[in-house]
Amino acid sequence: MAQPVNWDALLARLAARVGEETPPTITEVDKSMIRAFADATGASSRVYTDEAYARGTRYGSLIAPPAFVSTFVIGHMPDIFHVADGLPRILHTDDQVEIHQPIRPGDRIKAFARYAGARRKDGRQGPMLFQSADLILERHDGAHVARVRIVSVSF
Amino acid sequence: MKPTPKTGDALPVYEREVTPEQLVRYAGASNDFSRQHWDHVFMVENGFPGVIIHGWFTFTIMCEAVGRWLPPEEAAISSFTVRYHRTHAPGLVRCGGEVVSVDAAKDGEVAVSVWAEDGAGNKTTSATIFLNRYVR
């Protein structure tokens, strides 16, 4: 039996968490990680896997596919999202992503997530909790790499 | 080089069969080992018919549909928004889309509306993907 949710208390508690950040992780990206991602997703362009070919393109080196930004999510999300009593199921509903720089082999990427907010929405199956958080990716030289806003729904 | 895309141009439909084994491969490559994508019993206990494709995995297939039409050598994806409308079970992923704008003020930035549907024709995922034709 699902427990009743005290929405006012829940939303107040989550509003107090806005701005909270996860401890940063540092990942050194190498060619094999990019190749494994390209192979697993069926990304067919040689700019992801063929070093000699990629050098001759406008990128000048191998790059990671755009959705590679998702590989930094782990350790930050869904952990940053609150799992509420009475709303045990949580699904990913939206991503809003800005890519400032392609990720290349040799990049050391710092990643952390920042809690962005929570709201209630009433759906056909009852009230649902929407939460959002931003994953921020920065390169070792301080360059902004990407911002990934992820929205989840609990019901 | 590909001719400059125009608003209303359609992307060729791209289809792929996704197997449960590919979900495990994707989990490894993306570090996303959420049980929704490999633990059938867990999903049934939580009211789903079975495991589901990672939302980001579906999105990578939508990116491949775009890349086969306008390859990364010619245009870089600079931003995107993705909405997951419903879960997508392993099986067919069918993607298509169209150009929704070409912004001359932004060096010809192309916005493409892309969708993915499952084998039953349910639209599971939609995205707007912005591409810069000139890499800075």
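**Surroundings of Val114(B)**

Leaving aside residues up to four places away in sequence, Val114(B) touches Leu11(B), Met62(B), Ala65(B), Val66(B), Cys95(B), Gly97(B), Ala127(B) and Ile129(B); two residues are in contact if their C-beta atoms, placed from the backbone, lie within 7 Å. This is a predicted model, in which local features need pLDDT of at least 70, side-chain atom pairs count only at pLDDT 80 or more, and totals for chains, interfaces and linings use all residues. Residues are numbered from 1 along each chain as its sequence is written, while chains are lettered from A and ligands numbered from 1 in the order in which they are written.

**Nonpolar core**

- The largest nonpolar core has 69 residues; such a core is a set of buried Ala, Val, Leu, Ile, Met, Phe, Trp, Tyr and Cys residues joined through C-beta atoms within 7 Å.
- A residue is buried if 20 or more other C-beta atoms lie within 10 Å of its own, exposed if 12 or fewer, and partly exposed in between, with C-beta atoms placed from the backbone.
- Those with the most contacts inside the core are Val69(A), Leu135(A), Met62(B), Val66(B), Val114(B), Ile129(B) and Leu131(B).
- Helix α3 (residues 55-69) of chain B gives the largest share of this core, eight residues.
- In soluble globular proteins, nonpolar side chains tend to be buried together.

**Architecture of chain B**

- Chain B has three helices and five strands; helices (H or I, at least four residues) and strands (E, at least two) are DSSP runs, numbered from the N terminus.
- Read from the N terminus, the order of elements in chain B is β-α-α-α-β-β-β-β.
- Of the 136 residues of chain B, 39% are classed as buried.
- The C-alpha atoms of chain B fill a box of roughly 50 × 30 × 20 Å along the principal axes.

**Strand pairing in chain B**

- Strand β3 (residues 91-103) and strand β4 (residues 109-117) of chain B pair in the antiparallel sense over nine bridges; two strands pair if DSSP finds at least two bridges between them.
- Glu98(B) has Ser113(B) in β4(B) as its bridge partner.
- β4(B) also runs antiparallel to strand β5 (residues 123-132) of chain B, with eight bridges joining them, and the partner of Val114(B) in β5(B) is Ala127(B).
- Five residues lie between β4(B) and β5(B) in their hairpin, where Gly121(B) in the turn has a positive phi of about 85 degrees.

**Where the chains meet**

- In the model, 29 residues of chain A are in contact with 30 residues of chain B.
- On the side of chain A that touches chain B, β2(A) gives the largest share, eight residues.
- β2(A) and strand β2 (residues 76-84) of chain B run antiparallel and are joined by five bridges; the partner of Glu98(A) in β2(B) is Ser79(B).

**Backbone details**

- A cis peptide bond, with omega of about 10 degrees, joins Met77(A) and Pro78(A).
- Asn31(B), in the loop between α1 (20-30) and α2 (40-45) of chain B, has a positive phi near 65 degrees.
- Asn31(B) is partly exposed because 15 other C-beta atoms lie within 10 Å.
- Asp107(B), in the loop between β3 and β4 of chain B, has a positive phi of about 55 degrees although it is not a glycine.
- Asp107(B) has 10 C-beta neighbours inside 10 Å and therefore counts as exposed.
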